[in-house]
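Here is a brisk report on one protein model.

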Amino acid sequence: GLSIQIDSIISYPIFSKSFKFQHDPAVMLGVVVRAVGPVGLGAALAFGVDRRMMVGRCDATATATKKASNSQGETPTPAPVTITPLPTNPSSITVKVAPKKDDKDVVKSAPDLMYKYLLNERVILLSGRVDEKMATQAVQSLLYLADRDPEAPIQVYISSAGGSVFSAMAIVDMFDHIAPAVHTSVFGHAESAAAIILGAGEKGKRCVSPHSRVMIHQPYTSYASVKFQDKDMIVRAEELSRTRRLLEGLVAEYTGRKLSEISEAMAHNTYMTAHEAVEFGIADTVCMPRSKKANL
């Protein structure tokens, strides 16, 4: 507000003409009082004194430059004057914000690029522990590919030591839910819950690589860090028994074997090579190298 008042004082013709203080000081004081009132008198006089000192310094510099130029016979060059601007209103300050990067400018990591490439090829990789994170990603990918093309098959590659039974059940149920056929292949190992996912693939399209292994066993749970009451332990035992019957029924369906044989095989850890898995019925073929496929 003060700077605006001073600018308004300067804009008066009589004040701007008399700014070099060549007129009578009493006249100038009257002009200032009429323009800004008694309150702004002190600020106006202070501004006038600073202005007078600056003009005096500029006049002295210009006179010295003129004398030096005339003595050397050169054209006088005006001395540069640097004027510091008055402080601006903080509300009028503009801050430049860097534009937000578009998704196209963000460099994606190698796993993201590989996942996108495999998904475009209708390939899903299940690697690591079978848990809710794996199940969620697998279900999303299956639904996406099924909606994209309900006729083309989906290839699922498995390399897992197993994990949560019901995370595996979510993937298995999605195999049956979608229209496209799901082909399963094991590279490395498929144990426990991962072996169930292998067997749930389209019959005739389940393969195991030559040096992979498959393992089936009954479900188990750990009570080491969990406290139960006696009734809770009974409920847990009943649930564990029900889960075992569920898995035995699924493996019997996938392999075509009798339920009693499956129950005996799953009573302990049963490891199988690729050829043994095919003989057992949980897989259909041993995966062949591409070079041999091309010669067929």
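Arg 122 counts as buried because its relative accessibility is 12%; buried means under 20% relative accessible area, exposed over 50% and partly exposed in between, with a 1.4 Å probe and protein chains only. This is a predicted model, in which local features need pLDDT of at least 70, side-chain atom pairs count only at pLDDT 80 or more, and totals for chains, interfaces and linings use all residues. Residues are numbered from 1 along each chain as its sequence is written, and side-chain values use heavy atoms, with hydrogens and water left out.

Arg 122 sits in the loop between H5 and strand S1 (123-127). Its phi is near 60°, a positive value in a residue other than glycine. Ser 192 also has a positive phi, near 55°. The loop that holds Ser 192 runs between strand S3 (182-191) and helix H8 (193-199). Ser 192 is buried, at a relative accessible area of 17%.

## Overall make-up

The protein has 12 helices and seven strands. Both are DSSP runs numbered from the N terminus: helices are H or I with at least four residues, strands are E with at least two. Of the 296 residues, 31% are buried.

The protein exposes about 19,900 Å², and carbon and sulfur atoms supply 57% of that area. Accessible areas come from the Shrake-Rupley method with a 1.4 Å probe; for residues, only the protein chains shown count as cover. Among contacts with a separation of 6 or more, 68% join residues 24 or more positions apart. Contact means heavy atoms within 4.5 Å.

## H6 and its two partners

Two packed helices are described by the angle between their axes and the distance between the axes. Axes are lines fitted to C-alpha atoms, for helices over the stretch in contact, and angles run from 0 to 180 degrees between N-to-C directions. Helix H5 (residues 110-120) and helix H6 (residues 132-148) have axes that come within 11 Å and cross at roughly 40°. H5 is therefore oblique to H6. Angles under 35 degrees count as roughly parallel, over 145 as roughly antiparallel, 65 to 115 as roughly perpendicular and the rest as oblique. On the H5 side, the contact uses Tyr 115, Leu 119 and Asn 120; they meet Gln 137, Ser 141, Tyr 144, Leu 145 and Arg 148 in H6. By class, the contact of H5 with H6 has four nonpolar, three polar and one charged residues. Ala, Val, Leu, Ile, Met, Phe, Trp, Tyr, Cys and Pro count as nonpolar, Asp, Glu, Lys and Arg as charged, and the others, Gly among them, as polar.

H6 also packs with helix H7 (residues 165-177), at an angle of about 10° and with the axes 8 Å apart. H6 is therefore roughly parallel to H7. The H6 residues in this contact include Met 134, Ala 138 and Leu 142, and those of H7 include Ala 170, Ile 171 and Phe 175. The contact of H6 with H7 divides into 10 nonpolar, two polar and one charged.

## Two buried positions

Ser 160 lies in strand S2 (residues 154-160). Ser 160 counts as buried, at 2% relative accessibility. Beyond its neighbours within four places in sequence, Ser 160 contacts residues including Leu 126, Val 130, His 189 and Ala 194.

Ile 262 belongs to helix H10 (residues 259-265). At 0% relative accessibility, Ile 262 is buried.
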